[in-house]
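Work through the exercises below with the model open. Try each task before reading its solution.

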Amino acid sequence: MTNAVGIDELSVYVPRLFLPAAGEFSTSRGIDPAKLIHGIGIERMAVPDAHEDAATMAAMSLLDLMRRANLRPEDIGKIYVGTESAVDEAKAIGTYVIGMLEQIYGKGSFQDCQTVEFKSACISTTQALEALSYSVAADEDGRAGIAIASDVAKYPLRSPGEYTQGAGSVSLLIKKNPRLVALEQIYGTFTRDENDFFRPIGDVTAVVNGKHSNQCYLDAMQGAFDAFARKARDKGIIKPEGGYCVTDFCAHLLFHIPYPRMVEYASAAIFRHDWRGLPRWKDIEAEVGPEPQAEACESAGQFQEADADFAKRFARSKQFLQAFSTKVKDTTIISRQVGNIYTGSIYLGLASLIESQKILPGERLCFGAYGSGCSALVFSGIVQSCATDVPLRQICKKLEERVQISLKDYEKLHEGKMEKSIIPPSEEFALVKIDNQGYRHYNYAN
Ligand code: CAA
């Protein structure tokens, strides 16, 4: 692909504190640790320290990205930040981020750079990436775009969402002739008004209708996948025939990861949908039993029950387990150690594949982003020939070096009652004060 636009570099920031799912936390909440580790898929939750918020984490991942890619502020035309943990109702988080970066690169060094905050729950960074892909392709001013995801995933203490929490930021460098992934510029979308997950103004934690949110995710993903498949066929980019289907042309499927098990539910729904009617479907039904048909059921409720039961059996079929293990499972490596980082979680999936060296030049990656409320966006990209030459980030090693905190400290941090940082800030951006007008003051601590 000549002059393609895509992801040239990626950088991840995760707070240095973590709380293990098994141990004090599972005991105090009366939950079998096996449920958290296997049923949900979480081993550790990243916890932001007292001096951290979505803005400091965004500044940290951006600083790392700039250093890794040898970027100067004048090389960057746009910094779009996706977040649902905004630090202000009006002021764009990117202005705080630029303020922090200018402490390193000099006052005014980013004044020629645009910044916009994207809010659309967990899909916002992907929408930012899509917008940047068009403006970078149009070569508006020849400069690169940066999409930053930064979030603190926070639910009420002792709620079922609590064990999916996490925090972190991912920065993506969007350029022409990218070194990592060239986007194929096919975007399949789905949008519907839903009450699955939202955070009313003034609330610090999300309101979530848990099981309903899972169903909204699956419905939206399927809708966006169909739109993507249609466009890919129309453009002649993916032409499945002779017993093949769209997912056969994708080496990896990267879904939004609110918790790792959700990726298993999502991929089972998409493979089932994509494989139905193909010659292989006969073998699957022979193995797990026939797929229930609505017309044959006495009521909608009976069909729902039979369908949920079939979904579980399908997820244990040989063909699904094989596809899941080669195309999906490895996207959750980092998320298991971090938890949900909302809008950046799908890119933790990309980082997981890159850091574990699971992607190869020429492979097609199919991304399925989801944002509550709700929307999904499915798009694809091709791994570039020099992708495997880009130095790794040692993310897993850094995650191992984090500091474990007690349940008591976690709860104090959660409730905003921790006055001092557990680890005093060093070589990082820190929130030092919120003044009496509500303006936030950040410093780079040497
Ligand atoms: N050992 C092993 N597994 C066990 C177990 C045990 N002792 N006990 C239970 N499990 C398994 C269950 O069988 C189940 O697995 P299967 O689906 O294969 O049967 C799994 O653990 C999950 O258990 P539950 O169904 O009981 O789930 P839950 O009541 O704990 O709630 C949740 C899960 C609804 C996701 C809840 O954590 C929640 O509300 N989370 C926040 C919302 C969320 O993440 N929604 C996802 C879609 S929305 C989105 O994606 C946007 C976003 O980022 C928020």
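**Exercise 1. Find which helices each supply at least two residues of the shell around the ligand.**

Solution. Start with the helices, which are DSSP runs (H or I, at least four residues) numbered from the N terminus. Helix 2 (33-40), helix 6 (210-234) and helix 7 (260-275) each supply at least two shell residues. Helix 6 gives the largest share, five residues.

Before going on, note the ground rules. This is a predicted model: local features need pLDDT of at least 70, side-chain atom pairs count only at pLDDT 80 or more, and totals for chains, interfaces and linings use all residues. Residues are numbered from 1 along each chain as its sequence is written, and side-chain values use heavy atoms, with hydrogens and water left out.

**Exercise 2. Sort the shell residues around the ligand by class.**

Solution. The shell divides into 14 nonpolar, nine polar and five charged residues. Nonpolar means Ala, Val, Leu, Ile, Met, Phe, Trp, Tyr, Cys and Pro; charged means Asp, Glu, Lys and Arg; the others, Gly among them, are polar.

**Exercise 3. Which N or O atoms of P160, H256 and K312 lie by a ligand oxygen?**

Solution. Take P160 to begin: a backbone N or O atom lies 2.7 Å from a ligand oxygen. Next, a side-chain N or O atom of H256 is 2.8 Å from a ligand oxygen. Then K312: a polar side-chain atom lies 2.7 Å from a ligand oxygen. Polar contacts are pairs of N or O atoms within 3.5 Å; within protein, one must be able to donate a hydrogen and the other to accept it, and residues adjacent in sequence count only if both atoms are side-chain atoms.
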